[in-house]
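Let's take a walk through this model together. Have the sequence and the coordinates open as you read.

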Amino acid sequence: MSLDTWFAFFIACWVISLSPGAGAVASMSSGLSFGFRRGFWNAIGLQLALILQIAIVAAGVGAILARSELAFALIKWFGVFYLLYLGWKQWTSPPGDLHAEAVDKRRGHPGALVLRGFIVNASNPKAIVFILAVLPQFLDATRPLLAQYLTMTITMVGVDLIVMAGYTGLAARVLRLLREPGQQRLLNRVFGGLFGAAAALLATLRQAAH
């Protein structure tokens, strides 16, 4: 991969990652609920799913999944219901004391947050279709493909991790400003609604014609 090609891909990664989506909502929700240090584990889960999706595309399985109506539908509707579940959990989350001692008690287990992030990204079939459409445009068929896929994976994951960390940190800073139960309840319902909106958007996705 030439430097010019890599730089174009690098810019594309920033545009893709900064675009609002379920991953961004999950990152902000985690930062709001658990603070930056624990909420960041959600971003790790998002990247593990992204690595898996790139590997699926690189192995050629992505093309099969993109053509399978059943596989597309199963992954999509699992993602819809999981986002609705996260939205309901956020919506009904009770306000609590946000002083340091109380926040520590509320923090989730890192493994659970990694799994949550992984499922959010992995249950979006459009991500595989999108990666399948974008990555080949930056590949040079005359050079070893494995090295190029590794370069793109490191670049894409690195950029997305920075962006999701930013979303998590931004929400964690908001956490420090909340003191009234009414404010906390309102913000929980805002993020619950955003999860619902992400689920509705995912439900409208249709498999590309082939």
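Predicted model: local features only at pLDDT ≥ 70, side-chain atom pairs only at ≥ 80, totals over all residues.

Residues are numbered from 1 along each chain as its sequence is written, and side-chain values use heavy atoms, with hydrogens and water left out.

Start with helix 2, residues 22–58. Helices here are DSSP runs of H or I with at least four residues, numbered from the N terminus. After helix 2 comes glycine 60, with a positive phi near 90°.

Now for the aromatic rings. The whole structure holds 6 aromatic pairs, meaning rings of Phe, Tyr and Trp (its six-membered ring) with centres within 6.5 Å, called stacked if the planes are under 30 degrees apart, edge-to-face if over 60 and tilted otherwise. One of them joins phenylalanine 36 and phenylalanine 40, tilted at 5.7 Å centre to centre with 40° between the planes. These two phenylalanines lie 4 residues apart in helix 2, so about one helical turn separates them. Phenylalanine 36 is partly exposed at 36% relative accessible area, and phenylalanine 40 is partly exposed at 23%; buried means under 20%, exposed over 50% and partly exposed in between, using a 1.4 Å probe and protein chains only. Elsewhere, Trp6, Phe7, Phe10 and Trp14 make up one aromatic cluster.

The largest nonpolar core has 39 residues; such a core is a set of buried Ala, Val, Leu, Ile, Met, Phe, Trp, Tyr and Cys residues joined through side-chain atoms within 4.5 Å. Helix 2 gives the largest share, 11 residues. Phe9, Ile54, Val120, Ile131, Leu135 and Met156 touch the most other members. Beyond four places in sequence, methionine 156 touches Phe9, Cys13, Ile16, Leu50, Ile54, Ile131 and Leu135, where contact means heavy atoms within 4.5 Å.

Finally, find glycine 192 in helix 9, buried at 6% relative accessibility. Glycine 192 and glutamine 90 are 102 residues apart in sequence but 4.9 Å apart in space, C-alpha to C-alpha. Leaving aside neighbours within four places in sequence, glycine 192 contacts Gly87, Gln90 and Trp91.

Technical notes:
Expected span 1.5 Å × (residues − 1).
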